[in-house]
Every structure is written in structure tokens, then in C-alpha cells.
Amino acid sequence: MSQPGFDIVYSAEVAMARADKAPIVALESTIITHGMPYPQNVETARKVEQVLHAKGVVPATIAVIEGRLHVGLDPDDLTRFAQSRKPAKLSRADMAACLATGGTGATTVAATMIAARLAGIDVFATGGIGGVHRGAESSFDISADLQELAQTPVTTVAAGAKAILDIPKTLEVLETLGVPVIAFGQDDFPAFWSRSSGLPAPLRMDDPAQIARAHILRGALGLSGGQLVANPIPPEAEIARDDLIPIIEQALTQAMSEGIAAKAVTPYLLQRIYELTEGRSLTANIELVLNNARLAAQIAREICIQRQNSGSGAR
Ligand code: PSU
Ligand code: MN
């Protein structure tokens with residue numbers, strides 16, 4: 001990757017890992033600012049970083065702070081960022097404008113992938129991706145995350161797609177866009193808070209080394225885009241699908257009657273579901289993010305090992 005025409009601010013440990021070609025996992029920041037309430041958001045962000053460190057992998061939380069793209073936030077940056085008043089939610093469309101105007105913003109899956117690629121980071125761990133919203137046939141609400149997966153070569157580990165989305169349509173769009181959707185360790189595509197969506201995933205892999213191999217082979221084949229690894233929530237943390245259905249319906253009805261649209265939809269629904277499940281959704285969300293970080297760490301390490309073994313250190 002050639003140098004971008006601006007300075008990326010790397011944390012000390014990310015700068016070191018890049019120089020040593022050591023494994024790094026990218027992390028998004030919208031989950032911190034728009035996905036979880038304070039203080040659980042900061043606590044979770046810290047725990048995710050601890051999980052990665054414990055696996056010998058360097059975390060790179062990505063955010064735009066006062067017009068500078070940060071790849072890796074030191075603990076003080078992270079706290080300040082998590083407490084900052086209403087940072088923007090940045091997707092592909094917003095990144096350059098935020099940098100140009102000296103703004104502060106949190107990166108979504110799409111924007112995090114863009115930054116990860118610039119920084120030469122292959123693997124990214126998050127909670128859930130954006131997708132095709134229910135009623136998209138009239139609202140046209142389809143997350144830019146899906147297009148990003150189609151064009152930016154970062155392997156993204158998520159717990160599938162939330163049941164607030166139209167999961168069948170989300171899978172169809174991913175297929176159209178040529179994005180490999182790999183369920184980890186099971187046949188079904190997971191549904192974020194629940195282990196199964198009731199739909200089979202197009203692909204299944206049981207071994208992080210195979211996911212790493214496929215990532216490297218996609219590069220060798222000259223394919224654009226990343227892989228979506230759909231990692232089911234641990235069984236002890238899941239919320240049964242049947243428990244969630246009425247809650248999701250209620251949240252969706254309220255969003256509609258309040259005229260919530262565009263970027264506000266996902267944060268609104270997450271907040272309502274948190275309230276309606278009396279916090280259970282948040283506990284599950286935290287557990288699945290940690291679980292995704294563990295798998296992402298294994299994949300990132302495998303990619304490094306396989307690149308070293310093939311004698312090419314190139315990212
Ligand atoms: N799903 C979650 N928590 C989140 C998000 C999704 O469970 O915080 C965030 C991610 O940053 C994702 C974004 O990229 O929402 C998608 O937003 P939209 O649907 O507006 O594209
Ligand atoms: Mn949207």
C-alpha cells in the first residue's frame with residue numbers, strides 16, 4: 001500500500017508492531033460511541049484490547065480525533081474519545097470531510113476497514129455489521145458496510161447480523177457483491193445475540209488457519225474485498241431467538257412511528273432493545289465482541305505465520 005497523502009497517527013505499540021510485522025487487529029469506534037452506553041463502552045473497549053494483548057496481538061482502535069486519523073488509541077485517548085460529546089458516525093462517505101474540517105468521529109465497520117487497509121492491517125474484529133434493513137424495499141436503507149466488504153481487503157470478524165435487519169436480504173446482497181460469508185464452526189449464519197439465524201451460511205470453516213489461508217489466497221487471486229467471518233455468540237451468553245422477536249418488533253414499530261431514518265436507525269434500535277431487554281442485550285453484546293476479538297487474534301497470528309513461512313513478509 002503506498003503512503004496516504006496525510007499523516008496517520010499510530011499508537012506506539014501499533015507503530016512497533018507494523019515495523020516488526022507482528023499481528024495487529026483493527027477495532028472500530030462507533031461501537032464505543034453509538035453502540036453501547038457509558039461506562040460499559042469504555043470498559044468493553046479496554047477488555048477487548050486486553051483479550052488481544054493476552055493472545056499476543058496488538059489492538060488498533062481506529063477513530064478520527066480533531067481532524068487526524070488515529071490507528072491505535074493509547075488508554076488516555078480512548079477514555080477521552082469515549083467521553084467526548086457526540087462524535088460523528090463516520091462511514092465511507094464521511095471520512096475525508098471529517099479530516100478536512102478538523103472534526104472528531106467514530107468509525108463504522110466501513111470506515112474502519114478503509115483505515116485498516118491504509119495501515120496494512122489484515123484483520124478487524126467488531127460486534128455486528130450493518131446490513132439490509134427490514135423494509136429496505138421502500139426505505140432503501142442498506143448499510144455502506146456491505147459495499148465496503150466488497151471492495152476493501154480486510155477480513156472482518158462479526159457475530160453475524162442483528163435480527164433487527166432483514167437477514168435473508170443481507171445474505172443475498174453479500175452474495176451479489178461477491179463477499180465470502182464464512183460461518184465459524186457451524187453451518188448456520190449467526191444472528192448476533194442468537195447463535196443461529198435459522199439460515200445456512202454460504203461457507204463454513206472450523207479452523208482459523210484456513211480462514212487465514214483464504215485471506216492470503218484472495219490477495220494472490222487479485223480479488224478485491226474482504227471476508228466476513230460470522231462467529232456465533234458463546235452459548236452461555238446468547239439470548240434465544242424467540243425471546244427477541246417481540247422485542248425487535250416493538251423497537252422497529254417505535255422507530256417507524258418516530259420517523260427515525262438514515263444513520264440514526266441502528267443506534268436507535270440498539271438503545272431501545274437494550275431498554276426492552278433490561279440490559280441483557282448489552283451483556284450479550286459485550287460477550288460476543290470479546291469472543292470475536294479472540295477469533296480475530298488467532299486469524300491475525302496465522303496470517304503472520306503463513307506469510308513468514310512463504311518467505312514473503314509483504315502485507
Ligand atoms: N451493530 C452493532 N453495534 C454497532 C453497529 C452495528 O451491534 O455499533 C455500528 C457499526 O459501526 C456498523 C454501523 O458499522 O453500526 C452500521 O450503521 P449503518 O446501519 O447506519 O450503516
Ligand atoms: Mn443505514
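**Close-up views of a predicted model**

**View 1. The shell around ligand 1.** Helix 2 (30-35) and helix 12 (265-276) each supply at least two residues of the shell around ligand 1, where helices (H or I, at least four residues) and strands (E, at least two) are DSSP runs numbered from the N terminus. Helix 2 gives the largest share of this shell, 3 residues. This is a predicted model, in which local features need pLDDT of at least 70 and side-chain atom pairs count only at pLDDT 80 or more, whereas totals for chains, interfaces and linings use all residues. Residues are numbered from 1 along each chain as its sequence is written, chains are lettered from A and ligands numbered from 1 in the order in which they are written, and side-chain values use heavy atoms, with hydrogens and water left out. The shell divides into 4 nonpolar, 8 polar and 4 charged residues, with Ala, Val, Leu, Ile, Met, Phe, Trp, Tyr, Cys and Pro counted as nonpolar, Asp, Glu, Lys and Arg as charged, and the others, Gly among them, as polar.

View 2. Of the 16 residues around ligand 1, E28, K89, S143, D145 and K162 come nearest, a residue being near if one of its heavy atoms lies within 4 Å of the molecule. A side-chain N or O atom of E28 is 2.6 Å from an oxygen atom of ligand 1, and a polar side-chain atom of K89 lies 2.8 Å from an oxygen atom of the ligand. For K162, a polar side-chain atom lies 2.4 Å from a nitrogen atom of ligand 1. Taken alone, ligand 1 exposes 480 Å², of which the protein buries 94% (Shrake-Rupley method, 1.4 Å probe).

**View 3. R272 in helix 12.** R272 is found in helix 12 and counts as buried because its relative accessibility is 17% (buried means under 20% relative accessible area, exposed over 50%, partly exposed in between, with a 1.4 Å probe and protein chains only). The side chain of R272 makes a polar contact with that of Q254 at 2.5 Å (a pair of N or O atoms within 3.5 Å; within protein, one must be able to donate a hydrogen and the other to accept it, and residues adjacent in sequence count only if both atoms are side-chain atoms).

**View 4. Backbone geometry in two loops.** The peptide bond from Y38 to P39 is cis, with omega near 5°, and P39 is found in the loop between helix 2 and helix 3 (40-54). F140, in the loop between helix 7 (136-139) and helix 8 (144-151), has a positive phi near 65°.
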